[in-house]
Amino acid sequence: MTDYFSVKNPATGDLIQEVKINTEEEINLALKKGHDSFKKWSKINAHERSRLLQKWSKKINENKEEIAKVMTMENGKPLSESLGEVDYSTSYIDWYAEEAKRIYGRTIPANTESKRILVTKQPIGLVAAITPWNFPAAMMARKAAPALAAGCTFIVKPAVETPLTTIKFIELAHEAGIPEGVIQYVNGRGSMIGDLFSNSDYVRKITFTGSTPVGKELIRNSADTIKHVTMELGGHAPLIVAADADIDYAVKQTVGTKFRNAGQTCVCANRLIVHESILDEFTEKFVAEVKKLKVGNGLDEGTTVGPIINEKGFNKIVAQIKDAKEKGAEVVLGDKYDANQEKGYFFVHPTVLKNVNTDMIIMHEETFGPVAPITSFKTIEEAVELANSTPYGLAAYFFTTDYRTGTYLHDHLDFGIIGWNDGGPSAAHAPFGGMKESGLGREGGIEGIEPYLETKYMSIGGI
Ligand code: NAD
């Protein structure tokens, strides 16, 4: 009997589509197909791989409106954000279509005249990816594009909440002429597919974006077959506003980074750390700006904050706000909900909390919701200590017009991505990734293709 899971619109709870759950046998066959296809794909010259990636990007662009609509329906984010995510995704495909042609080797001077030493790069083999629901297109594209550019084959398991965008992307890759065995998807329960990927001898690399506990499990399970791993995991981004910051500018940028995707992003500002001398002014201007946000169905004109992806996510947000209130936080705005458990939709109105302290769960746990907790600091050293007091190290932001404060913060913050007067630092041409428990490896930039390559060294003697 064939099993299906339901993909529902988180803004309404309505069914969008039933998606087939792949059996263990089908998944193993897909892994074999990916492995077998590697022999041919890895030998296709880099210029041809580049051309195919360009065609894929073009096809996605031609179908941009339709993909964005599907994305908004399954994820809930405003349509404008979905359109932006499609562009962001193709920017990775375009970037790696170029990088395919720049996988250089090296020659090394030998210690004898009779030898030559060559260093070359080769693709590592079949790559298995597992992706989250919050960026259903981009998290897949920034893994698939460098993998294919390097000459690897690729298989992905999208999140059960948002498989439709991924399916569409991969159908378009096939339409663009990328062979079916080179890029594939499978659907089903995470732990089952994760185990099959981790235990398979065909898979040479696991690349994962998602929560830190699942990332740790995948690293452990990949140990037996010594697979390469790239892990893009959770975050708990601090955002520091120094006394000399341009407050109006900082407020606008903070609203952007905090409330994009209803606060359900791994790099979203989770802890607002504001200098005590500007705390009142910042809070007042921030609240005025947050009040302009409009909660609703992402397909409706003017919506800027969509629903929370599911009940589990909603409950976590509500519990964090409740805990903060019980421990002395003051609600300046929000703490309002529009939820219907029976129908299956859960909205949280943008919420601003002040008088927040480190006893509160919200200062330690990723929120993944439209809640901005504000705390204050006296000295820049204190701000750094607070910012770094987390096992996470993905993104950090700060606002200052003083270059000494800026360089000090850059040097002392233990985070892989830093936005200095910049609430949106992520770009295809730059390395994205975290330190500490936020992950291993980088995606984007010249760094983003290296994890898909092996280094081979050859010593030629007797010359
Ligand atoms: P999640 O870890 O629950 O799920 C992510 C993916 O893993 C999904 O496809 C899911 O089906 C699958 N999965 C679940 N359990 C699994 C298991 N035992 N083995 C293998 N796969 C399994 O995370 P989520 O709730 O979907 O996404 C939110 C998390 O992702 C947040 O922690 C967020 O910070 C993180 N994230 C990180 C980045 C980054 O680049 N660092 C980007 C986006 C999201």
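Predicted model: local features only at pLDDT ≥ 70, side-chain atom pairs only at ≥ 80, totals over all residues.
Reader: Start with the ligand. Which of the 28 residues around it come nearest?

Author: Thr-131, Ser-211, Leu-233, Cys-266 and Glu-366 come nearest, out of 28 residues around the ligand.

Reader: What does the side chain of Arg-142 do with an oxygen atom of the ligand?

Author: An N or O atom in the Arg-142 side chain is 3.1 Å from a ligand oxygen. The side chain of Lys-157 also has an N or O atom by a ligand oxygen, at 3.0 Å.

Reader: And which ligand atom is 3.5 Å from the side chain of Glu-217?

Author: A nitrogen atom; the distance runs from that nitrogen to an N or O atom of the Glu-217 side chain.

Reader: How much of the ligand's accessible area does the protein cover?

Author: The protein covers 87% of the 830 Å² that the ligand has on its own.

Reader: Salt bridges next. How many does the structure hold?

Author: There are 25 salt bridges in the structure. One of them joins the side chains of Glu-62 and Lys-58, at 3.4 Å from N to O.

Reader: Where do Glu-62 and Lys-58 lie?

Author: Both are in helix α2, 4 residues apart, which is about one turn of the helix. An α-helix has 3.6 residues a turn, so residues three or four places apart point the same way.

Reader: Are Glu-62 and Lys-58 buried or exposed?

Author: Both Glu-62 and Lys-58 are exposed.

Reader: Which salt bridge involves Glu-66?

Author: The side chain of Glu-66 meets that of Lys-168 in a salt bridge, with 3.7 Å from N to O. This pair links distant parts of the chain, with Glu-66 in helix α3 (residues 64–75) and Lys-168 in helix α6 (residues 163–175), 102 residues apart.

Reader: Why does Glu-66 count as partly exposed?

Author: Because its relative accessibility is 42%, and partly exposed covers the range between under 20% for buried and over 50% for exposed.

Reader: Back to helix α2. What does Ser-50 touch?

Author: Ser-50 sits in α2, which spans residues 46–62. Ser-50 touches Ala-97, Glu-98, Ala-100 and Lys-101, leaving out residues up to four places away in sequence. Ser-50 counts as buried because its relative accessibility is 1%.

Reader: What links Lys-101 with Glu-98?

Author: A salt bridge, in which the closest N and O atoms are 3.4 Å apart. Lys-101 is partly exposed, with a relative accessible area of 31%, and Glu-98 is partly exposed too, at 28%.

Reader: Which residues are linked with them in a network of salt bridges?

Author: The network links Glu-98, Glu-99, Lys-101 and Arg-102.

Reader: Different topic. Which residues of helix α7 are buried?

Author: In α7 (residues 190–199), Ile-193, Gly-194, Leu-196, Phe-197 and Ser-198 are buried.

Reader: What do the buried residues of α7 pack against?

Author: They pack against helices α1 (24–41) and α8 (212–222), and against strands β5 (126–130), β6 (153–157) and β8 (203–209).

Reader: And Ser-200, where is its place?

Author: Ser-200 is in the loop between α7 and β8. Ser-200 is buried, with a relative accessible area of 9%. Not counting residues up to four places away in sequence, Ser-200 touches Leu-31 and Lys-227.

Reader: Backbone check. What phi does Asn-261 have?

Author: Asn-261 has a positive phi of about 55°, although it is not a glycine. Asn-261 lies in the loop between α9 (247–259) and β11 (269–275). With 2% relative accessibility, Asn-261 counts as buried.

Reader: What about the phi of Asn-355?

Author: Asn-355 is not a glycine either, and has a positive phi of about 55°. The loop that holds Asn-355 runs between β15 (351–354) and β16 (371–377). Asn-355 counts as partly exposed, at 46% relative accessibility.

Reader: Last one. Which residues form a nonpolar patch on the surface?

Author: Leu-118, Met-458, Ile-460 and Ile-463, with about 330 Å² of accessible area together. Met-458 lies in strand β22 (residues 453–460). At 43% relative accessibility, Met-458 counts as partly exposed.

Methods. Residues numbered from 1 in each chain as written. Heavy atoms only, no water. Patch = residues over 30% accessible without salt bridge, like charges linked within 9 Å, V, L, I, M, F, W, Y side chains within 5 Å. Areas by Shrake-Rupley, 256 points an atom, 1.4 Å probe, with all protein chains shown as cover. Salt bridge = Lys/Arg side-chain N within 4 Å of Asp/Glu carboxyl O. Helix = DSSP H or I, 4+ residues; strand = E, 2+ residues; numbered from the N terminus. Buried < 20%, exposed > 50% of the residue type's maximum accessible area, 1.4 Å probe, protein only. Near = heavy atom within 4 Å. Polar contact = N/O pair within 3.5 Å; in protein donor to acceptor, adjacent residues only side chain to side chain. Contact = heavy atoms within 4.5 Å.
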